[in-house]
Amino acid sequence: MTGGRRPRVARDRALVGGGFVLAAIVLSAILVPLLSSGDPRAIGDILATRLIAPGQRDASGTLHLLGTDAFGRDILLRLWSAARISLGVGVAGSVLAGALGILLGAIAGWRGGITERAIVSLGDAMLAVPRLVLLLVIAALWGPGLVVVVVVLGLTGWMSVMRLVRAEVLGVRVYPYVECARALGVPSRRVLWRHVLPNALGSAVVAITLGVGNAIVLESGLSFLGLGIQPPAPSWGNMIAAGREWLLVAPWIALVPGLVLIATVVSCTLLGDALSRRLARPAASTSLADQR
Amino acid sequence: MIRKHHPRVRRLLTRVIDALVLLWIVTTLTFVLIHLAPGDPASLLISPTATAAEVSRQRAAFGLDAPLIVQYARWLGGVLQGDLGMSLASARPVTAVIGEALPVSLFLGGASIIASFAFGVLVGGFQALRAGPRTDTAITVATTGLYAAPSFWLALALVALATTGASAIGAPAWARLPAFGMQEPAALATGLDAWRDLARHAILPLLVLSIPGAAGVARYARASLMEGALAPHVQAAAARGLARGRLERRYILRNAWTPIVVLLGLTLPGLIAGSVFVEQVFAWPGLGRTMLSAIGTRDYPVVLGLTLVYAMAVILANLLADLTVSALDPRRSGTS
């Protein structure tokens with residue numbers, strides 16, 4: 001990707017495809033619960049409506065396109081209500097992690113010395129523990145819940161952004177124009193925020209986009225283990241967990257949410273990779289190095 | 001003292017010291033984290049009818065009444081002597097609890113690392129060197145999707161396939177794989193039959209652990225082999241008319257080993273996370289399952305000990321990858 005002949009936006013299949021699928025998922029998450037009259041948590045006549053296979057009608061004639069779960073709740077409706085929570089948690093967690101990473105990376109790269117050593121060592125130490133283990137420990141000790149999950153995703157995800165931003169700041173701080181700004185008497189903090197940091201934002205945005213997919217998978221994992229979003233509030237992870245018991249009788253309960261989850265994560269990855277070709281240096285697109 | 005040695009030895013020593021310092025930071029962080037959390041393990045382990053005096057006696061027995069710094073010093077002193085303390089839930093040494101679960105996880109992890117890298121490099125190599133653009137795109141879509149699939153979902157999907165799915169298409173009985181546990185309930189088989197039983201039970205967990213790993217390795221191998229194929233010395237060799245197989249093996253693959261070894265260190269956290277879910281879903285009594293139950297019962301010493309073991313594994317893998325890379329490619333030994 002050196003030499004910089006970027007494909008035009010319309011020709012970039014990864015960007016168009018990823019963006020299209022993600023837009024469809026976000027739109028469904030907004031519209032389906034809005035347009036439906038049902039309540040994703042309400043339980044009606046269980047015996048009459050439970051475990052209806054996808055595409056079948058229940059006794060009252062209501063069509064369940066994706067079937068119903070063990071409590072007779074419509075899976076389509078729950079799926080897209082869950083999407084609101086899962087997408088929201090993923091985006092919020094990743095943005096929080098990104099903000100923390102930008103802040104710490106900027107401080108580390110700009111200040112240098114012992115501050116830098118401390119931040120980098122802390123980052124290395126946290127990278128040495130698998131992120132899921134950290135999440136499990138923190139979420140279990142502080143009690144499960146929406147806010148805890150978002151905060152914990154932020155606290156455990158800043159390291160890769162910090163490294164990128166720090167490297168960019170270190171690279172840019174020796175440029176003549178930075179020295180120029182300082183010589184002209186621009187305050188140090190202002191040089192950092194206005195003249196140095198904007199150079200690093202491209203890679204940070206890429207890392208945050210790639211991080212959304214990761215955060216969604218981690219949230220679903222926590223919820224699957226009962227340490228994330230608590231039922232009856234639906235999330236993709238706890239829907240899969242609830243379907244586990246009925247796997248042999250009604251496999252769609254567990255399998256359908258996973259398919260939407262995978263589509264979401266793949267389109268985040270495609271979008272992130274496409275962005276990295278446009279915004280950042282190639283090194284930023286190491287999605288494999290991020291931890292599960 | 002370090003300065004007198006050969007640069008290579010010196011580098012090795014500094015790497016090892018860095019790794020030890022890192023390990024100490026991890027342990028301290030975990031210790032602080034766990035003890036900052038609200039809640040008290042003694043209150044979970046003691047019967048609800050216990051009196052205040054009984055609770056404080058229990059706390060004293062576990063050493064939970066000492067100041068935090070004393071508890072930390074005691075714990076760190078023990079770690080240096082290979083003693084990770086006593087499990088609060090089972091009153092057995094933590095090392096024994098971990099030692100019991102370790103072989104299960106090592107077996108699962110080791111086998112799936114081998115499978116992931118073998119299949120990943122094969123698939124990635126095929127995509128980069130042999131496949132046409134359409135096949136390449138199709139495989140990329142598949143590997144991207146499989147890499148994104150959460151392991152617990154993959155586990156349930158494979159179980160559904162191997163049970164309901166297999167009987168729906170009328171597959172023979174031997175194709176319906178056991179979905180849970182390490183062996184048949186009340187297994188009486190011995191010798192070869194016992195191993196066969198274990199192998200049948202291991203197929204699904206190993207598939208779940210290896211598929212996302214192989215997909216990740218394939219994506220990575222494809223990219224680095226494609227880049228390698230464009231290198232000037234490869235183009236020159238191709239222009240000289242070197243046979244294709246020789247070109248691929250000697251000129252492209254050999255250079256791609258370095259990034260693949262680096263990847264070996266990077267995949268371990270994902271593998272550990274995957275094993276937590278796989279052991280939970282398939283009821284294999286490994287480290288991941290031990291971790292989950294220890295978290296559930298607030299068994300601090302076990303959680304701390306396991307975090308230490310995990311961090312040790314990751315740090316060691318990165319150290320080994322680092323050293324292998326500098327042995328394979330001396331140019332890179334200066335960079336970290």
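Predicted model: local features only at pLDDT ≥ 70, side-chain atom pairs only at ≥ 80, totals over all residues.
Visitor: What makes helix H9 of chain B count as hardly covered?

Guide: The count of buried residues among the eight residues of H9(B), residues 232–239, is zero. Buried here asks for 20 or more other C-beta atoms within 10 Å of a residue's own, exposed is 12 or fewer, partly exposed lies in between, and C-beta atoms are placed from the backbone.

Residues are numbered from 1 along each chain as its sequence is written, while chains are lettered from A and ligands numbered from 1 in the order in which they are written.

Visitor: Why is B:Ile139 called partly exposed?

Guide: B:Ile139 has 19 C-beta neighbours inside 10 Å, so it counts as partly exposed. This residue sits in helix H6 of chain B. Leaving out residues up to four places away in sequence, B:Ile139 touches B:Val123, B:Gln127 and B:Ala131; contact means C-beta atoms, placed from the backbone, within 7 Å.

Visitor: What makes up the secondary structure of chain B?

Guide: Chain B has twelve helices and zero strands. Both are DSSP runs numbered from the N terminus: helices are H or I with at least four residues, strands are E with at least two.

Visitor: Which residues touch the most other members of the largest nonpolar core?

Guide: Among its 155 residues, they are A:Leu136, A:Val161, B:Ala155 and B:Leu156. Helix H3 of chain A, residues 75–111, gives the largest share of this core, 17 residues. Such a core is a set of buried Ala, Val, Leu, Ile, Met, Phe, Trp, Tyr and Cys residues joined through C-beta atoms within 7 Å. Beyond its neighbours within four places in sequence, A:Leu136 is in contact with A:Leu227, B:Met291 and B:Ile295.

Visitor: How many residues of each chain meet where A and B are in contact?

Guide: 40 residues of chain B are in contact with 38 residues of chain A. On the chain B side, H10(B) gives the largest share, nine residues. By class, that side has 32 nonpolar, eight polar and no charged residues. Ala, Val, Leu, Ile, Met, Phe, Trp, Tyr, Cys and Pro count as nonpolar, Asp, Glu, Lys and Arg as charged, and the others, Gly among them, as polar.

Definitions and conventions
Contact = placed C-beta atoms within 7 Å.
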